[in-house]
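Subject: Structure handover

Hello,

Here is the structure for your files. My notes follow below it.

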Amino acid sequence: MSDKKTNLVDLGFMDARIKLIDIAAFLDRIDRHDQTDDYRVSALKEALPELLSTERGRAARVLNLLSDQSTDPVSESKIQGAFGAPSPEQ
Amino acid sequence: MRYIEPHAHMVSRTTDDYMALACAGCKAVNEPAFWAGFDRASSQGFYDYFRQITEYEPKRAAKFCIDHYCWLCINPKESEDVVLAREVLSIIPDFIQCDNVLGIGEIGLNKNTRNELQILEEHIQLAVDHDQMILVHTPHLEDKLKGTKLIVDALSNHSSIDPSKVIIDHVEEHTAPLVIDKGFWAGMTLYPESKVTPHRAVDMLELYGHERVWMNSACDWGISDPLSVPKAALEMRRRGYDDSFIDKVVYLNPAEFMGQNPKFKLS
């Protein structure tokens, strides 16, 4: 690593800014169209407070909140894909 | 810059992509066997696919001065059909001795079912029986954490598995320590919409170190970017990492892992 300290805020602020606004706009959009009653939206909202945490490890904790926490293999699966948050039926 | 693309499904990509890889400095591609986007009707489909990645694809790569290596298996999505999976497992030994085959992969789990786990364990045994390295796929999104734990347990419970000859791919911040702390290699997949971005991949190097890790694009028929590894290299450079650090991550590390099979030789 070079001796000169890179300004990571210069490097990443605009990217983080647009992603934050995108989340806000997404929540506005689904509100406007009455589509907030979805387990994925609930999971997203449960994870949002992690952004305000002062402890490092926010990304891992958000990922854990969006993960199936069960431990045993399931007997079968009727689907092949994944949706980004554990389904209540899972 | 020189680099190795250690996880790419080139059968799904165009010659333009090969040209872009070559121009970006790619010296070799590593192609694990995968899901074609639909379930194949019989083991004969896999036989033809194995011929494609052992005979035809290396010739296509060579036209762009890129070495081509591959891995064999039935992928976790199709492993739910145990009868089909066992038929495919029975034909894999016919291809293991091919010049560009480095091991068994990408095996693993998809929806974390009992059938998938059974076939994963049979793949692990096949690798042990034939003294092959292993490349593992971990599940997507909400299934990744649970699947990674099941996979690590299945591998750790096998007395003949050497973790240094196994790479567990598609790790993210919540699964990387589970893999690295057990002595396995870890792969980070750079995807535009899921898995990790170049920014997060470099963050993980800072969090978990740059030994026993590689970065890949896993480019396939879906939304993916075959140039994501050089883009991660640019992110490293922007943060101030020097050429030797970048070279280790994107070239020397994958060469070290794949080089454990003597068939891996960079031309």
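The contact between the chains takes 27 residues from chain B and 26 residues from chain A. Two residues are in contact if their C-beta atoms, placed from the backbone, lie within 7 Å. On the side of chain B that touches chain A, the elements giving two or more residues are helix H5 (114-129), helix H6 (144-156) and helix H8 (198-208). H6(B) gives the largest share, 4 residues. By class, this side of chain B has 13 charged, 7 polar and 7 nonpolar residues. Ala, Val, Leu, Ile, Met, Phe, Trp, Tyr, Cys and Pro count as nonpolar, Asp, Glu, Lys and Arg as charged, and the others, Gly among them, as polar.

Some conventions. This is a predicted model: local features need pLDDT of at least 70, side-chain atom pairs count only at pLDDT 80 or more, and totals for chains, interfaces and linings use all residues. Residues are numbered from 1 along each chain as its sequence is written, while chains are lettered from A and ligands numbered from 1 in the order in which they are written. Helices (H or I, at least four residues) and strands (E, at least two) are DSSP runs, numbered from the N terminus.

Chain A

Chain A has 3 helices and 0 strands. Its pattern along the sequence is α-α-α. The C-alpha trace spans about 55 × 35 × 25 Å along its principal axes. Of its 90 residues, 7% count as buried (20 or more other C-beta atoms within 10 Å of a residue's own; exposed is 12 or fewer, partly exposed in between; C-beta atoms are placed from the backbone).

Asp34(A) sits in the loop between helix H1 (8-32) and helix H2 (39-47) of chain A. Its phi is positive, about 55°, although it is not a glycine. Asp34(A) counts as exposed because it has 7 C-beta neighbours inside 10 Å.

Chain B

Asp131(B) also has a positive phi, near 50°, and is a residue other than glycine. It lies in the loop between H5 and strand S5 (133-137) of chain B. With 11 C-beta neighbours inside 10 Å, Asp131(B) counts as exposed.

Check the peptide bond between Gly105(B) and Glu106(B): it is cis, with omega about -5°. Glu106(B) is in strand S4 (residues 101-108) of chain B.

Finally, one helix pair. Pro198(B), His199(B), Ala201(B) and Val202(B) in H8(B) meet Ser228(B), Lys231(B), Ala232(B), Glu235(B) and Met236(B) in H9(B). By class, that contact has 5 nonpolar, 2 polar and 2 charged residues.

Best regards
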